Amino acid sequence: PVMLEAQREGELQFIGTRDTRYTGTVKFYDASKGFGYVTLTPGQLTDPSIVDVKLVRQELAGGENVRMDQGQPLEFGLSMGGRNQEIYAYRVTLPGGALLTTAALLNRMVDGNKAFTGTMEFWHRKNGYGFVLPDSLTAASPQIQQAVANAAAEQAAKKGTAPVPKLYVTRKDLGAQGMRLEEGSRVQFNVYQDDRGPGACNVVLA
């Protein structure tokens, strides 16, 4: 266990040292507010009263304001600050130091560097998501092809329509900042599969 003694470095006070790392799980995290708490793994500090520490957007390593479910394992340093000397998680990563990105959280696997083309079926500019209709996925892996077919069949069953293969796209998956998409836009992209299903990433205008 690490003694609850802070080491000052610059404007931060660290519990342990700047490089001391701790583990814990998300208690809750509100991505819209960029705020939450993480519950420490027991036995890491000598003070048993310290159970939960603050989790803020600015300390998420990876540059994304990701959505995290309760129980998500994390690794982080601990710092003290503020008027009440509250304890914060800083330089927050996945266990082992992997960057905290949506792709990592969802176990995303990109299908190599294969480039595909297609047409935007729908794009919600305000919320930053939509769907692309691929011209062909014959060059994709059998796993990707099956995942797309399964997703199309599931949606068709819900709506009572014919299956339409399509890929999910979010603003984070666009290959150029500020790129404007709309229904009918021609795009080029890579394909992936993750815990939520198949999708398109590295999307650029064709």
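1. Let's start with S141. In this predicted model, S141 has a relative accessibility of 15%, so it counts as buried, the cut-off being under 20%. S141 sits in the loop that links β10 (129-134) to α2. Leaving aside residues up to four places away in sequence, S141 touches D111 and K114.

2. Helix α2 comes next. After α2 comes G160, which has a positive phi, near 70°.

3. Which residues of α2 are buried? They are I144, A147, V148, A152 and A156. These residues cover an arc of only 165° around the axis, which means that they lie on the same side of α2. As a reminder, an α-helix has 3.6 residues a turn, so residues three or four places apart point the same way. On the other side of α2, P142, Q143, A157 and K158 are exposed. The buried residues of the helix pack against β11 (167-170), β12 (186-194) and β13 (197-205).

4. Strand β3 (residues 22-30) runs antiparallel to β4, and 6 bridges join them; here V26 stands opposite V38. The two strands form a hairpin with 4 residues between them, and G34 in the turn has a positive phi of about 65°. β4 is also joined by 5 bridges to strand β5 (residues 52-56), again antiparallel, with V56 of β5 as the bridge partner of F35.

5. Finally, the nonpolar cores. The largest has 24 residues, and L55, M68, L74, F76, L78 and L100 are those with the most contacts inside it. β3, β4, β5, β6 (73-81) and β7 (86-93) are the elements that give two or more residues to this core, and β6 supplies the largest share, 4 residues. What does M68 touch, not counting residues up to four places away in sequence? Its contacts are V26, Y29, L55, L60, L74, L100 and L105. A second, separate core has 18 residues, including F116, V148, V187 and V191; V148 is one of the buried residues of α2.

Terms used:
Residues are numbered from 1 along each chain as its sequence is written. This is a predicted model: local features need pLDDT of at least 70, side-chain atom pairs count only at pLDDT 80 or more; totals for chains, interfaces and linings use all residues. Side-chain values use heavy atoms; hydrogens and water are left out. Two strands pair if DSSP finds at least two bridges between them. Buried means under 20% relative accessible area, exposed over 50%, partly exposed in between (1.4 Å probe, protein chains only). The arc is that of the directions from the helix axis to the C-beta atoms. Contact means heavy atoms within 4.5 Å. A nonpolar core is a set of buried Ala, Val, Leu, Ile, Met, Phe, Trp, Tyr and Cys residues joined through side-chain atoms within 4.5 Å.
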